[in-house]
Amino acid sequence: MHKNRTLATMLAAGTLGAIALTGPTASASSAGESSAQAAGCVGTAFSGTLEPGKAICNGNHLVRMQTNGDLVLRVISTGRACWTSGTGRAPGGDTSTTFHQNPIGVPYIDINSTSQGRLGRITGAHSLCCLGSNANVNARGEFWVGYKKIGSC
């Protein structure tokens with residue numbers, strides 16, 4: 001192995017094997033959330049379902065579907081929550097959020113609990129020319145549903 005190979009190069013080449021992540025857990029109440037703990041990221045956007053514990057991430061920001069039913073926009077490096085859906089009242093782990101494009105009305109995401117039904121709905125917007133096709137977080141820390149900014153850091 002070459003000494004000058006970066007971690008990313010070794011991961012891409014498949015020469016590193018498994019990595020053990022250590023440190024505080026990535027719970028909603030943790031004071032900080034490291035980039036390694038943000039590994040539950042599924043990309044910068046979702047257009048289907050975001051399961052509990054999974055997140056969309058971009059730069060130093062993420063939007064995580066927490067196991068208690070709360071959808072939270074947070075700064076990764078400090079753990080500071082910038083926006084929350086206010087739906088954190090479900091039993092652990094039976095929640096998810098689903099994006100709906102809704103071409104007749106506005107796009108929206110539903111936050112659902114298997115045991116309690118719909119906990120909340122966040123409505124977005126379409127633009128004059130285009131239908132909003134996902135919920136996403138950008139590198140500036142803005143959370144969007146379609147073409148409507150929902151929250152920012």
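**Disulfides, strands and salt bridges: a chat**

Trainee: Let's start with one cysteine. At 27% relative accessibility, how does Cys-41 count?
Mentor: Good place to begin, and the model is a predicted one, in which local features need pLDDT of at least 70, side-chain atom pairs count only at pLDDT 80 or more, and totals for chains, interfaces and linings use all residues. Residues are numbered from 1 along each chain as its sequence is written, and side-chain values use heavy atoms, with hydrogens and water left out. A residue is buried under 20% relative accessible area, exposed over 50% and partly exposed in between, using a 1.4 Å probe and protein chains only. With a relative accessibility of 27%, Cys-41 therefore counts as partly exposed.

Trainee: Which residue forms a disulfide with Cys-41?
Mentor: A disulfide here is a pair of cysteine sulfur atoms within 2.5 Å. The sulfur of Cys-41 sits 1.7 Å from that of its partner, and this partner is Cys-57.

Trainee: Is that disulfide of Cys-41 and Cys-57 left-handed or right-handed?
Mentor: Look at the torsion about the S-S bond, which is about -70°. Because of that torsion, the disulfide of Cys-41 and Cys-57 is left-handed.

Trainee: How many residues apart in sequence are the parts that this pair ties together?
Mentor: Helices (H or I, at least four residues) and strands (E, at least two) are DSSP runs numbered from the N terminus. Cys-41 lies in the loop between helix H1 (7–13) and strand S1 (45–46), whereas Cys-57 belongs to strand S3 (residues 55–58). Cys-57 is buried at a relative accessible area of 12%. In sequence, the parts tied together are apart by 16 residues.

Trainee: What torsion does the S-S bond of Cys-82 and Cys-153 have?
Mentor: These two cysteines form a disulfide with sulfur atoms 2.0 Å apart. The disulfide is right-handed, because the torsion about its S-S bond is about 105°.

Trainee: How many residues apart are Cys-82 and Cys-153?
Mentor: Cys-82 is partly exposed at 23%, and Cys-153 is partly exposed at 34%. Cys-82 sits in strand S6 (residues 81–84) and Cys-153 in the segment after strand S12 (148–152), so the link joins distant parts of the chain. Their separation is 71 residues.

Trainee: What is the pairing when the bonded cysteines are numbered in sequence order?
Mentor: The search of the whole structure finds two disulfides. In sequence order of the bonded cysteines, the pairing reads 1-2, 3-4.

Trainee: On to the strands. How many of the residues of strand S4 are buried?
Mentor: Both faces of S4 are covered. On one side sit His-61, Val-63 and Met-65, and on the other Leu-62 and Arg-64. For strand S4 (residues 61–65), the buried count is five of five.

Trainee: Which residue in S5 is the bridge partner of Arg-64?
Mentor: Two strands pair if DSSP finds at least two bridges between them. S4 runs antiparallel to S3 with four bridges, and there Ala-55 stands opposite Arg-64. S4 also pairs with strand S5 (residues 71–75) in the antiparallel sense over five bridges. Within S5, the bridge partner of Arg-64 is Val-72.

Trainee: Which residue takes a positive phi in the hairpin of S4 and S5?
Mentor: The hairpin of S3 and S4 has two residues between the strands, and Gly-59 in its turn has a positive phi of about 60°. The hairpin of S4 and S5 has five residues between the strands, and the residue with a positive phi near 100° is Gly-69.

Trainee: Now the charges. Which residue forms a salt bridge with Asp-110?
Mentor: A salt bridge is a side-chain nitrogen of Lys or Arg within 4 Å of a carboxyl oxygen of Asp or Glu, and by this rule the count is three. Asp-110 is buried at 7% and lies in strand S8 (residues 108–113). Its partner is in strand S9 (residues 117–123), eleven residues apart from Asp-110. With the closest N and O atoms 2.7 Å apart, that partner is Arg-121.

Trainee: Which residues are linked in a network of salt bridges?
Mentor: Glu-142, buried at 12%, forms a salt bridge with Arg-140, the closest N and O atoms being 3.0 Å apart. Glu-142 also forms one with Lys-149, with a closest distance of 3.7 Å between N and O atoms. Arg-140 counts as exposed at 60%, while Lys-149 is partly exposed at 41%. The network links Arg-140, Glu-142 and Lys-149.
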